[in-house]
Amino acid sequence: KVTIKKLMPPLNTPFNDYAPVVSADGSTLLFTSNRPGTEREIAKGKEGRESIYEVTVDAKKKWSAPKLLGPAVNAPGRNNSAIGISPDGQRMLVYRDNEDGNGNIFESVLKGSEWSELKEFPEPINSDKHESSACYSLDGRTIYFVSDRKGGIGGKDIWSATRTDQGKWGAAKNL
């Protein structure tokens, strides 16, 4: 049996709040929102760029107020979106747009209670095409991601890449 319950403000706002990523233990929710972020946007009630927020739930199932993640994760002037979290909750996958209209996949590591500066995944995960959604395998060695790169069957296909014992990423495979 499933019960669906609408999350009320301050989680949901009149702005776009979407792309929820829940930790395996259910205690942390990362989400993307384009709620106003700058003083000017707030004053005008104008939507901002996509930014990543974090909330936690306590033992009584009450959600904390959303916390805007800092500039190590949310680059000013860019669209940033949480797209995945590792099963142990210690690594986060982030999509960030770039100047040419494409975007790439990045990773941040939880250090204490703060997320580290994003590190862009190398080829074969990122390419000169658009890479957007991604997730980790249970053991964390494989990344499944979406790309419109050459060699796909559809417009945006699901690909995978597995990290070797030496820490290098193997070739991207179209699923």
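Strands S10 (residues 131–136) and S11 run antiparallel and are joined by 4 bridges, where strands are DSSP runs of E of at least two residues, numbered from the N terminus, and two of them pair if DSSP finds at least two bridges between them. The model is predicted, local features need pLDDT of at least 70 and side-chain atom pairs pLDDT 80 or more, whereas totals for chains, interfaces and linings use all residues. Residues are numbered from 1 along each chain as its sequence is written, and side-chain values use heavy atoms, with hydrogens and water left out.

Cysteine 135 stands opposite tyrosine 144 in S11, and in the hairpin of S10 and S11, with 5 residues between the strands, glycine 140 takes a positive phi near 80 degrees. S11 also pairs with strand S12 (residues 157–162), antiparallel over 6 bridges, and there phenylalanine 145 has tryptophan 159 as its bridge partner. Because 5 of the 6 residues of S11 (residues 142–147) are buried, this strand is largely enclosed by the rest of the structure; buried means under 20% relative accessible area, exposed over 50% and partly exposed in between (1.4 Å probe, protein chains only).

| Charged residue | Ring | Distance from ring centre |
|---|---|---|
| Arginine 96 | Phenylalanine 106 | 5.3 Å |
| Arginine 149 | Tryptophan 159 | 5.3 Å |

Technical notes
Lys NZ or Arg CZ within 6 Å of the ring centre and 35° of its normal.
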